[in-house]
Amino acid sequence: MPAISGILIDGVSYGMILFMISVGLSVTMGLMRIINLAHGGFALLGGAAAHWLTTIAGFGFVISTILAVASVMIIAMVLERSLYTRIYRFTELQQVLATIGITFLMIASVNLLLGSTILPIRVPELLSRPIDLGFRTLPTHRLMVVIAGLLTAAALYYLLERTWFGVRLRAAVDNRNMAASLGINTVKIYAITFSLGAGLAAFGGILGAELLPIDAYYPLRYMVLFLVVVAVGGMGSIAGSFFAAIALGIIDTAARYIVPEYGTIFFFVAMMLVLTLRPNGMLGRT
Amino acid sequence: MDTAIRQNRPRHGLLTFRRLYLDLALIGAGIAAFFLFPDSLGFLTRVLIMIIMVLSLDLVLGYAGIATLGHAALFGSGAYAAGLFAVNFSADPLLGLAVGAVAGAVIAFVSGLILLRAQSLTLLMLSIAVAQILQEIASKERAITGGSDGLLGISMEPIFGIYAFDFVGQTGYWYALTVLTAVFVLLKIIVASPFGLAARGIHESAERMRAIGTPVYWRLVAIYTLAGGVAGIGGALSAQVTELVSLDALGFSLSAEALIMLILGGLGRLYGAIFGTVIFMTIHHLAASVDPFNWLFVIGALVLIVVYFLPEGFIGLPARARKLMRWSP
């Protein structure tokens, strides 16, 4: 059954990309209770930086990825301290507006510096070659994406469930005021988490550039996609994001292969079904 | 928000005449624009149509507090319905408007039954999903809707059989201005009515409204349906005047832009919808003709300035200025 395994492999790798980009959004939205439409912008900044580093500056793929992710994390930290501290106190609608405004500025900046064409990221030759898994061959890149996604999920699980930072973060997500009155520095937790989420978005954006090509309008084009994963998975739930991303990735890929005439309808119908039955998402708190 | 309530207490009589001078001035400005900018009638007509769309969003968001990012679903349904009606059945403009209004209202009613049970992010996402699904259907049903080429071949009969649509867009402008005025008057009556006050009450506190016996959910569905009709009229107008319906009429950008225009102007006063749309579209028009690529810098900065420094929108500027004057030594 090559068709089914093909759908599964493409769907899972697509889902992993969605997971890596969306999980940071889910955690920040669950933690800070804000609607952050600018999250895709961090993936764009990461992808654009990686494009510049690999093609123009001539660095290797791994070094470029590390540098790009690190610089996005710094930018996110600065934005969090300057613009987002006010956004936390805004009404929902103002949050939507403010973060759309930030997204516009990010798009315009990338557009100004690198133009509005697709920004390819040069990957090492090793990754663009197909790999033989015994029962079928697939692009090494896909395999790397899946492995990176699993590693990210495992690392996040460890960070949240097994470290003191994770304990504090979970406490802050559950009840921010209570956590603060117990002496947890929630301001610091916010900043670190936000920056970490942006870094993950950048990482996912770079790795996923083959499936979701990077160009200046990337955040607007895929914003809905990332929000869907968060809404379906449940705000603030890492496991929820993981399963939602994989499920949506497989549904979307399967629909494209089997019933291309319906396009993304299945994707959105699936989302509406989940949200109608479980308004807080699959694993969201009620 | 309670200042808004105090300012808009229900008055006896059908119409509220308190801001009549402002209404007349706005209509006067609409008439004057025709003579001042005879070369930009196409653009001006688009502004008028967009105002109808944003007024409808104001009813939903500003009055009833329903946060939606899928208002294009209602606008686009009206546009496609009116366009298809004109191509396949009758090219009478007023009949087409009615068809657009009904289509917008039906889509709003059906989707509202699902949407309005949800809140905050879930509501936003569901509203986005409705618009995306409709857009996808319009894109795939190429044989009927023309898909990504858009719905072509709309050719309207003269209005009342007398006023034919011309190339410069003069008839189109007067037509849109008349429809907009009618919609605006209708909305003014509605928001000042007990029904409109109930909407605002739900916005302030759904629990209290429930406690005094308001069927909150059905009231919201009714408002959403009404707004769907208004947005549908806007869509139908755009289909008739431009003689084209494209997939953008159902697009996410249209929903987002309408939201930006409304918030720029100010929520929950109808006037905000008018000013916000005029400001946004004028800046877009000018900035895009000067430098199409960097226009997002302008609008991004504008949005941030409004959200951070002018939370009531531009409509709050006079009050703010008055306050400043009073406090200055």
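Mentor: Buried area is the accessible area that two parts lose on being put together, summed over both. Please keep that in mind, and note that this model is predicted.

Trainee: Understood. What is the area buried between chain A and chain B?

Mentor: About 3,500 Å² is buried between chain A and chain B, and carbon and sulfur atoms give 82% of that area.

Trainee: How many residues does each chain bring to the contact?

Mentor: Chain A contributes 46 residues, and chain B contributes 36 residues.

Trainee: Which three residues of chain A supply more of its buried area than any other three?

Mentor: They are Leu93(A), Leu97(A) and Met272(A), which supply 18% of the area that chain A buries against chain B.

Trainee: Which residue meets Asp10(A) in a salt bridge?

Mentor: The side chain of Asp10(A) pairs with that of Arg142(A), at 2.8 Å from N to O.

Trainee: Changing topic to helix packing: at what angle do helix 2 and helix 3 of chain A cross?

Mentor: The axes of helix 2 (residues 39-56) of chain A and helix 3 (residues 61-87) of chain A cross at roughly 140 degrees and come within 8 Å. The two helices of chain A are therefore oblique to each other. Their crossing is right-handed.

Trainee: And which residues of helix 2 meet helix 3 in chain A?

Mentor: In helix 2 of chain A they are Phe42(A), Leu45(A), Gly46(A), Ala49(A), Ala50(A), Leu53(A) and Thr54(A). Their partners in helix 3 of chain A include Phe61(A), Leu67(A), Val72(A) and Leu79(A). The residues of this contact of helix 2 with helix 3 of chain A divide into twelve nonpolar, three polar and no charged.

Trainee: How do helix 11 and helix 12 of chain A pack?

Mentor: Helix 11 (residues 238-258) of chain A and helix 12 (residues 265-277) of chain A pack at an angle of about 145 degrees, and their axes are 8 Å apart. This crossing of helix 11 and helix 12 of chain A is right-handed.

Trainee: Which residues meet there?

Mentor: Leu248(A), Ile251(A), Asp252(A) and Ala255(A) of helix 11 meet Phe266(A), Phe267(A) and Ala270(A) of helix 12, both in chain A. Six of the residues in this contact are nonpolar, none is polar and one is charged.

Notes. Residues numbered from 1 in each chain as written. Chains lettered and ligands numbered in written order. Predicted model: local features only at pLDDT ≥ 70, side-chain atom pairs only at ≥ 80, totals over all residues. Heavy atoms only, no water. Axes fitted to C-alpha atoms, helices over the stretch in contact; angles between N-to-C directions. Helix = DSSP H or I, 4+ residues; strand = E, 2+ residues; numbered from the N terminus. Parallel < 35°, antiparallel > 145°, perpendicular 65-115°, else oblique. Left-handed = near helix turned anticlockwise from the far one by under 90°. Contact = heavy atoms within 4.5 Å. Nonpolar A, V, L, I, M, F, W, Y, C, P; charged D, E, K, R; others polar. Buried area = accessible area lost by both parts, 1.4 Å probe. Salt bridge = Lys/Arg side-chain N within 4 Å of Asp/Glu carboxyl O.
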